Amino acid sequence: MNTAYHSLHLMGTNITMTIISDDAEQQTQAVDKLLRMYEQRFSANSDTSELMQINQRAGIQPVVVNDELFELIEIGKRHSLPYESQLNIAIGPLVQLWRIGFSDAQLPTDTQIKAVLARIQPEKIRLDAEKQSVFLKEKGMKIDLGALAKGYIADKVINYLKEQGAQAALINLGGNVLTFGDNPNQIDGYWRVGIQNPILPRGNHVSILKIKNQSVVTSGIYERQLTVNGKTYHHIFSSETGYPIESAMASITIVSELSCDGEIWTTRLFGKRITAALAEIALQPGIEALIIDHQQDVHQSLGMAQYIE
């Protein structure tokens with residue numbers, strides 16, 4: 001049994017992986033190729049991606065797409081529609097207007113923001129399961145899968161490694177962590193994942209979580225920011241106002257079996273009242289939450305204690 005480590009910069013973030021397998025090196029290279037293929041499929045920032053073919057034909061015609069792209073859009077739309085869900089895969093025009101996290105980030109005017117709000121309505125994404133096609137009903141609409149894609153990709157990568165006979169692995173897509181099997185470097189076999197303090201500089205952890213065959217996904221205001229005239233704007237937007245969400249939450253972490261579920265619930269719940277978010281998590285089997293507020297106080301669901309070191 002061999003252990004291979006690999007890192008790369010892709011999807012606008014740093015990706016690291018640890019693979020424990022008899023064919024660890026070969027599987028590492030195969031995963032590298034998989035990740036590059038998925039970036040080409042799901043990217044909202046490449047004019048040649050499969051997703052961009054849909055956006056470029058908004059208001060013109062449906063586009064027949066790959067089954068995985070159709071599946072992820074279908075998942076995203078389903079979780080974008082519920083009342084008070086902060087997830088919105090149609091938010092692309094707003095993301096591109098602000099460009100937070102990119103070198104050309106800007107503070108838009110109120111007029112510019114109001115102009116795009118009419119084009120970020122997920123109910124105007126038309127899906128045809130029989131033809132496996134996607135149609136954006138109005139010109140200027142843009143799907144952005146950035147809130148979901150990393151989790152979906154992590155799940156696909158781990159499934160691939162299991163099929164290839166790997167014994168264990170950890171993949172970290174820019175803070176989105178998914179594990180399977182035993183950590184060979186720990187007697188108890190658990191993997192440790194630090195939870196960043198969203199108020200302090202990187203490397204300051206509020207908690208250490210120990211997990212196995214599970215995912216840890218965190219969404220927080222510290223990830224990408226824009227500062228203009230002394231005011232800081234984060235990258236998590238309200239579909240109602242067009243501005244970054246104002247919330248008592250500074251970050252929310254989800255522990256789940258599937259990484260895509262972690263992405264869904266960190267995004268759906270960010271910005272809700274903390275008590276309401278924890279109440280909603282209590283209704284979701286196999287999913288636990290840890291929320292940090294702006295005073296650095298920690299709030300957690302009932303089942304989270306078992307994961308805290």
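Mentor: Buried here means under 20% relative accessible area, exposed means over 50%, and partly exposed is in between (1.4 Å probe, protein chains only). The model is predicted, so local features need pLDDT of at least 70 and side-chain atom pairs need pLDDT 80 or more, while totals for chains, interfaces and linings use all residues. Residues are numbered from 1 along each chain as its sequence is written, and side-chain values use heavy atoms, without hydrogens or water.

Start with the largest nonpolar core, which has 65 residues. Such a core is a set of buried Ala, Val, Leu, Ile, Met, Phe, Trp, Tyr and Cys residues joined through side-chain atoms within 4.5 Å. Leu35, Ile54, Ile73, Ile143 and Leu145 touch the most other members. Helix α6, residues 149-163, gives the most to this core: 7 residues. Helices (H or I, at least four residues) and strands (E, at least two) are DSSP runs numbered from the N terminus. Both domain 1 (50-143) and domain 2 (190-306) give residues to the core, so it lies between them. Those bounds come from an automatic or database domain assignment.

Look at Ile54. Its contacts (heavy atoms within 4.5 Å) include Val63, Val65 and Leu69. Ile73, Val134, Leu136 and Ile143 are on the list too, with residues up to four places away in sequence left out. A second core is separate and has 15 residues, among them Ile20, Trp191, Ile195 and Ile292. In soluble globular proteins, nonpolar side chains tend to be buried together.

Now the domains themselves. Their centres, taken over C-alpha atoms, are 23 Å apart. In contact across the boundary are 22 residues of domain 1 and 22 residues of domain 2. Together the two domains bury about 1,900 Å², and carbon and sulfur atoms give 69% of that. Buried area is the accessible area (1.4 Å probe) that two parts lose on being put together, summed over both. On the domain 1 side, Gln86, Trp98 and Ile100 lose the most area to domain 2, together 34% of what that side buries.

The term means a side-chain nitrogen of Lys or Arg within 4 Å of a carboxyl oxygen of Asp or Glu. Lys272 and Glu84 form a salt bridge, with the closest N and O atoms 3.9 Å apart.

Next, strand β6, residues 168-173. Of its 6 residues, 5 are buried, so the strand is mostly covered. Strand β2 (residues 13-21) runs antiparallel to β6, and 6 bridges join them. Strands pair if DSSP finds at least two bridges between them. Thr16 has Asn172 of β6 as its bridge partner. Strand β7 (residues 176-180) is also antiparallel to β6, through 5 bridges. There, Leu173 is partnered with Asn176. The β6-β7 hairpin has 2 residues between its strands, and Gly174 takes a positive phi near 60°.

Ser259 lies in helix α7, residues 259-269. Its relative accessible area is 0%, so Ser259 is buried.

Arg268 meets Glu280 in a salt bridge (3.6 Å, N to O). Arg268 is in α7 and Glu280 is in helix α8 (residues 274-281), so the pair ties together parts 12 residues apart in sequence. Arg268 is buried at 11% relative accessible area, and Glu280 is buried at 16%.

Glu138 and Lys124 meet at 2.4 Å, N to O. Glu138 sits in the loop between β5 (133-136) and α6, and Lys124 in the loop between α5 (110-117) and β4 (125-128), so the bridge ties parts 14 residues apart. Glu138 is partly exposed at 30%, whereas Lys124 counts as buried at 19%. The other pair is Lys212 with Asp182, at 3.0 Å between the closest N and O atoms. Lys212 is partly exposed at 23%, and Asp182 is partly exposed at 46%.

Finally, the wider count. The whole structure has 13 salt bridges. Arg41, Glu50, Glu68, Glu71 and Lys156 are linked in a network of them.
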